[in-house]
Amino acid sequence: MTYIVRFGTEAPHFILATLTDFEEKVPDIHARVEVALVFKNGVRLLNQEETPEHLVLNKPRARLRDLFKTYSGALIVSEKLRALMEEMDPDVHQFMPISIDNRAEPGRWFILNVHVKQDSVVDDQSDVRPNFGSPDSHEIMYFEYFPAPKGHINATINTSALGGLHVWRERRYSNSLLVSDAFHAELKSRKIEYFELRKARDI
């Protein structure tokens, strides 16, 4: 079974915060927009010179989920989640260390860059739509999350196109994130707080 991540748009899945050194590291606004696209879509690897290293939460928080999204689309993960991802997909994903102010709990945190892609969605057996503004040479698709009931999305995955990854993005699906059944089981077993996961249909 494959699961598709549905990103939350409110707390605790989305946390208002400021990457305080982002502008200093990347003074040009167009370059910052390009880095934000990497945060959102994993289009390439990040380099240290352009990656923020300090996040300040807008409001103090006693604790944070193991994965949340913040300013510019950056995905922030805990050491606990990083360890699981490294265990299941060793040396695949990119984790850039970041400090967080205005939180009470200790621990190490990272900006997550999932840059590995697969092409497994069966479009004609899924509720999906194209981005009509995208050029024909680089078709961009989106999942139709609504009105799918919680826990299910009408999307079909061709398992023969999967290469053994446990966390990945779909090549043609902007801002997508998918996980394997084994990864989902480990999230539950280790009580790791993730985004909402929607079941897809495997063939």
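Rings of Phe, Tyr and Trp (its six-membered ring) pair if their centres lie within 6.5 Å; planes under 30 degrees apart count as stacked, over 60 as edge-to-face and the rest as tilted. By this rule, Phe7, Phe183, Tyr194 and Phe195 form one aromatic cluster.

The model is predicted: local features need pLDDT of at least 70, side-chain atom pairs count only at pLDDT 80 or more, and totals for chains, interfaces and linings use all residues. Residues are numbered from 1 along each chain as its sequence is written, and side-chain values use heavy atoms, with hydrogens and water left out.

The C-alpha atoms fill a box of roughly 45 × 40 × 35 Å along the principal axes. The radius of gyration is 17 Å, which agrees with the value near 17 Å for a compact globule of 203 residues. This radius is taken over C-alpha atoms, and the globule rule is 2.2 Å times the number of residues to the power 0.38.

Of the 203 residues, 46% are buried. Buried means under 20% relative accessible area, exposed over 50%, and partly exposed in between (1.4 Å probe, protein chains only).

The structure holds six aromatic pairs. One of them joins Phe95 and Phe110. Their ring centres are 6.3 Å apart, with 80° between the planes, an edge-to-face arrangement. Phe95 lies in strand E6 (residues 94-103) and Phe110 in strand E7 (residues 109-113), so the pair ties together parts that are 15 residues apart in sequence. Phe95 counts as buried, at 12% relative accessibility. Phe110 is also buried, with a relative accessible area of 2%. The pair of Tyr194 and Phe195 is edge-to-face too, because the ring centres are 6.4 Å apart and the planes stand at 65°. Both Tyr194 and Phe195 are buried.

Helix H4 (residues 181-189) contains His184. His184 counts as buried, at 16% relative accessibility. Leaving aside residues up to four places away in sequence, His184 touches Tyr3 and Leu197.

Notes
Helices (H or I, at least four residues) and strands (E, at least two) are DSSP runs, numbered from the N terminus. Contact means heavy atoms within 4.5 Å.
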